Amino acid sequence: MPAALLKILPLIAAGIFLSACASHEIVISSDEVTSVAKATQIKTSTTDQSVTYIGPEIFTIGDNNTSEQFGLVATKNSHGHVTYRAFAKLIYLNGMREYQSAQIVDGATVPLKSINRTPGPCNAMGCEFGEEISIELSEDFLIQKKNTGFKININSKKGITNTLFFSISYITGYMSVLGK
């Protein structure tokens, strides 16, 4: 074989291997889906008979050293209508950020509601602040994103953006509890 062909052959083999890998669907672990479904809490209101489905919290450290706790919540009223939302609690240092908008990454802006803003304790590193927010989502959107997962950018008045990521496993396990 010519020397040039011997140099190119490994590159061709690598290209074939990578293209074969790229053509396969993403495989999610049934264990992950099952653990999300099992961790989802179901609470029935004694006053209005509504049912709330609270997904397990995801804990991460996001940009700007922000502690992020987030998940999904659905509420079915006594007439069977279901509303969906993502919830998040963000904890950070040095000044209230005032999160005010949310946008699906590569998608539309979605309604964000501020639930609570609180200053916390101070120490040598600075003062801690926390915000709780709720982001409206649709059932159709969540069913569609069971195959891809999704990210939501939440934007603050101070110009800081944090991104919340909901994986395929999380959405699939959570929506299975709701029969979707």
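Student: What should I keep in mind about the model and its numbering?
Tutor: This is a predicted model in which local features need pLDDT of at least 70 and side-chain atom pairs count only at pLDDT 80 or more, while totals for chains, interfaces and linings use all residues. Residues are numbered from 1 along each chain as its sequence is written, and side-chain values use heavy atoms, with hydrogens and water left out.

Student: How many helices and strands are there, and what makes a run count as one?
Tutor: The protein has four helices and 11 strands.

Student: Why is the link between Cys122 and Cys127 called a disulfide?
Tutor: A disulfide is a pair of cysteine sulfur atoms within 2.5 Å. The sulfur atoms of Cys122 and Cys127 are 1.9 Å apart, so the pair qualifies. A search of the whole structure finds one disulfide.

Student: What makes this disulfide right-handed?
Tutor: The torsion about the S-S bond is about 100 degrees, so the disulfide of Cys122 and Cys127 is right-handed.

Student: Are Cys122, Cys127 and Ser134 buried, partly exposed or exposed?
Tutor: Buried means under 20% relative accessible area, exposed means over 50%, and partly exposed lies in between (1.4 Å probe, protein chains only). Cys122 has 52%, so Cys122 counts as exposed. Cys127 has 26%, so Cys127 is partly exposed. Ser134, in strand S9, has 11% and is therefore buried. Buried residues make up 36% of the 180 residues in the protein.

Student: Which residues does Ser134 touch?
Tutor: Contact means heavy atoms within 4.5 Å. Not counting residues up to four places away in sequence, Ser134 touches Arg85, Ala86, Pro111, Leu112, Lys113 and Ile115.

Student: Why is the pair of Tyr92 and Phe129 called stacked?
Tutor: Rings of Phe, Tyr and Trp (its six-membered ring) pair if their centres lie within 6.5 Å; planes under 30 degrees apart count as stacked, over 60 as edge-to-face and the rest as tilted. By this rule there are seven aromatic pairs. Tyr92 and Phe129 are 6.4 Å centre to centre with 20 degrees between the planes, so their pair is stacked. Tyr92 lies in strand S5 (residues 82-93) and Phe129 in strand S9 (residues 126-137), so the pair ties together parts that are 37 residues apart in sequence. Both residues, Tyr92 and Phe129, are buried.

Student: How do you know that Arg97 sits over the ring of Tyr92?
Tutor: The rule asks for NZ of Lys or CZ of Arg within 6 Å of the ring centre and within 35 degrees of the ring normal. The charged end of Arg97 sits over the ring of Tyr92, 4.0 Å from its centre.

Student: What makes strands S6 and S7 a pair?
Tutor: Two strands pair if DSSP finds at least two bridges between them. Two bridges join strand S6 (residues 99-104) to S7, so they pair, and they run antiparallel. Gln103 stands opposite Thr109 in S7.

Student: Which strands form the open sheet, and why do S7 and S11 stand at the edges?
Tutor: The order is S7-S6-S10-S11, with antiparallel pairing. Strand S7 (109-110) and strand S11 (161-166) each have a single partner strand, so one side of each is left without a neighbour in the sheet.
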